[in-house]
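Please have the sequence and the model open while I talk.

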Amino acid sequence: MDIEFLGGASQVGRLGMLFRVGGTQLLFDYGMLPARPPEYPLEAPPVDAAFLSHAHLDHSGMIPWLTGHHRTDVFATPPTLDVADLLLEDSLKVAAAEGFNAPFSSRDLEEAAHYFQTIDFEETVEVGGLEVTLHSAGHIPGATMFEVNGHETAVFTGDLQTISTDLVLGAKPVKCDTLVIESTYAGRQHPDRLKSEYEFLQFVKSVVQMGGLAVVPAFAVGRTQEVLMCLARERFETFLDGMGRSVNSIYVDHPGYVRSTKRLRQAMNRTRLVHSARGVDRALGAEVIVCTSGMLDGGPVVRYLRAIKDDPNSAVCLTGFQVPGTNGRRLMDEGMVEIDGELVKPRFQFRKFDFSAHAGHDELVGFIEGCAPKRVVLMHGDNRQALADALHGPEVLLPEEGKWYSL
Ligand SMILES: [Zn+2]
């Protein structure tokens, strides 16, 4: 068995892994890093089939390039393919708005759908003598781990969450010879999840009691739904603006992939949607607004930042990792934020809460031990050595991009 990373081994973003056994070659994920300018993986050769773990662009962003160039069949769960379509279309709009050349056209994206093959958890597909079985990876609804059975068993995790959240149940280990696992949080722990959610609700309550508006920037896919389900425990007057609205609808259309569709629906029913300028005005007079973008870089959140920037009773509640160089990161590090091209020192309060959809360091170690592999390949992380140092027993590989490794 040989593997090569086209991207995303030593960094988080633009993931792509070639997997070769005998004459069969598979590709797991093919993403891009939505930075400015965007970063892409190495060019993929023709493969027998591609498997997409989930919809986030760092895993899916180059799929239309692949189907356009090589007419490759792409296997993934139904919610993954539906949400990927939405995010890929949005990535074309962002590229056009920011003046970058997209690696594929809207026609490529339309035609990609002809190569999408849906498959559910615990089902198996056979490609060139290899059997590939899908298991839930936690992370977001539909996120998949792939178990490949040939002469030996290999597991590719994609992005992994082992604790159960309001939205999805945590992933369970799968026994294998080779485990290829993400390492985003290598060397870092998460605070207790329930404690984070409690602190978030307490903070929002204090903002509401002071008569302020709590602006909750959240990624549209996964995070928005987690946040809405958490907020639904209290009776806040909550509005939702941005792409999270469409993702909500996709998730309730695929009930088998959400922990409780009933609870997601209840949370949605307690949330009012912003569709128009009048809706924005109503949201500004409400208690909580959940909106994209999660890192304050454009999107509907800008109008809410503009409205509350001089109000010390209002607050911004960040709910995700803020990538260096983003507006959200600048707010956290410098207390400054860019609004309409102008750098301002806002008077609103701000705090970050941990709603991560990735396993923390100890969970990764526990998961690896549960899989009992002979060898572990650490990928999708910029601090992989910290995880390698914590593993005793299996052989550990920290691959570099653009090199073949025989396992
Ligand atoms: Zn992800």
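Let me begin with a convention, which is that Ala, Val, Leu, Ile, Met, Phe, Trp, Tyr, Cys and Pro count as nonpolar, that Asp, Glu, Lys and Arg count as charged, and that the others, Gly among them, count as polar. With that convention, the residues lining the largest cavity divide into five nonpolar, two polar and two charged.

Before I go on, this is a predicted model, in which local features need pLDDT of at least 70 and side-chain atom pairs count only at pLDDT 80 or more, while totals for chains, interfaces and linings use all residues. Residues are numbered from 1 along each chain as its sequence is written, and side-chain values use heavy atoms, with hydrogens and water left out.

Now to the cavity itself, where the term means a set of points, on a 1 Å grid over the protein atoms alone, at which a 1.4 Å probe fits but cannot get out, and where lining residues have an atom within 4 Å of a point. Grid points are joined across faces, edges and corners, and the volume is the space filled by probe spheres set on the points. A search of the whole structure finds one cavity of 30 Å³ or more, and the largest cavity holds about 40 Å³ of space. Its lining is made up of Leu228, Leu231, Ala232, Glu234, Phe236, Thr238, Ala267, Arg270 and Thr271.

Next, the strands, which are DSSP runs of E of at least two residues, just as helices are runs of H or I of at least four, each numbered from the N terminus. I call two strands paired if DSSP finds at least two bridges between them, and I call a residue buried under 20% relative accessible area, exposed over 50% and partly exposed in between, with a 1.4 Å probe and protein chains only.

Strand β1 runs antiparallel to strand β22, residues 404-406, with three bridges joining them, and Glu4 has Trp404 in β22 as its bridge partner. With strand β2, residues 16-21, β1 pairs in the antiparallel sense over five bridges, and here Asp2 stands opposite Arg20. Arg20 also lies over the face of Trp404, at 3.8 Å from the ring centre, where a charge sits over a ring if NZ of Lys or CZ of Arg is within 6 Å of the ring centre and within 35 degrees of the ring normal. A further case is Arg351, whose charged end sits over the ring of Phe203, 5.3 Å from its centre.

Strand β9, residues 144-149, has five of its six residues buried, so β9 too is largely enclosed by the rest of the structure. Six bridges join β9 to strand β8, residues 130-136, in an antiparallel arrangement, with Ser136 partnered by Thr144 in β9. Strand β10, residues 153-156, pairs with β9 in the antiparallel sense over four bridges, Asn149 having Thr153 as its bridge partner, and a hairpin of three residues joins β9 to β10.

Turning to the aromatic rings, those of Phe, Tyr and Trp (its six-membered ring) pair if their centres lie within 6.5 Å, and planes under 30 degrees apart count as stacked, over 60 as edge-to-face and the rest as tilted. By this rule there are eleven aromatic pairs. Phe51 and Phe75 form a stacked pair, 5.3 Å centre to centre with 20° between the planes; Phe51 lies in strand β4, residues 49-51, and Phe75 in strand β5, residues 74-76, so that the pair links distant parts of the chain, 24 residues apart.

Finally, the backbone. Most residues other than glycine have a negative phi, and most peptide bonds are trans. The peptide bond from Thr292 to Ser293, however, is cis, with omega near 0°, and Ser293 is found in the loop between β15 and α10. Asp340, not a glycine, has a positive phi of about 50°; Asp340 is in the loop between β17 and β18 and, at 54% relative accessibility, counts as exposed. His380 has a positive phi near 55° and is found in the loop between β20 and α13, but at 1% relative accessibility His380 counts as buried.

Methods
On a 1 Å grid over the protein atoms alone, a cavity is a set of points where a 1.4 Å probe fits but cannot get out, and a pocket is an open set with protein on both sides within 12 Å along at least five of seven lines; lining residues have an atom within 4 Å of a point.
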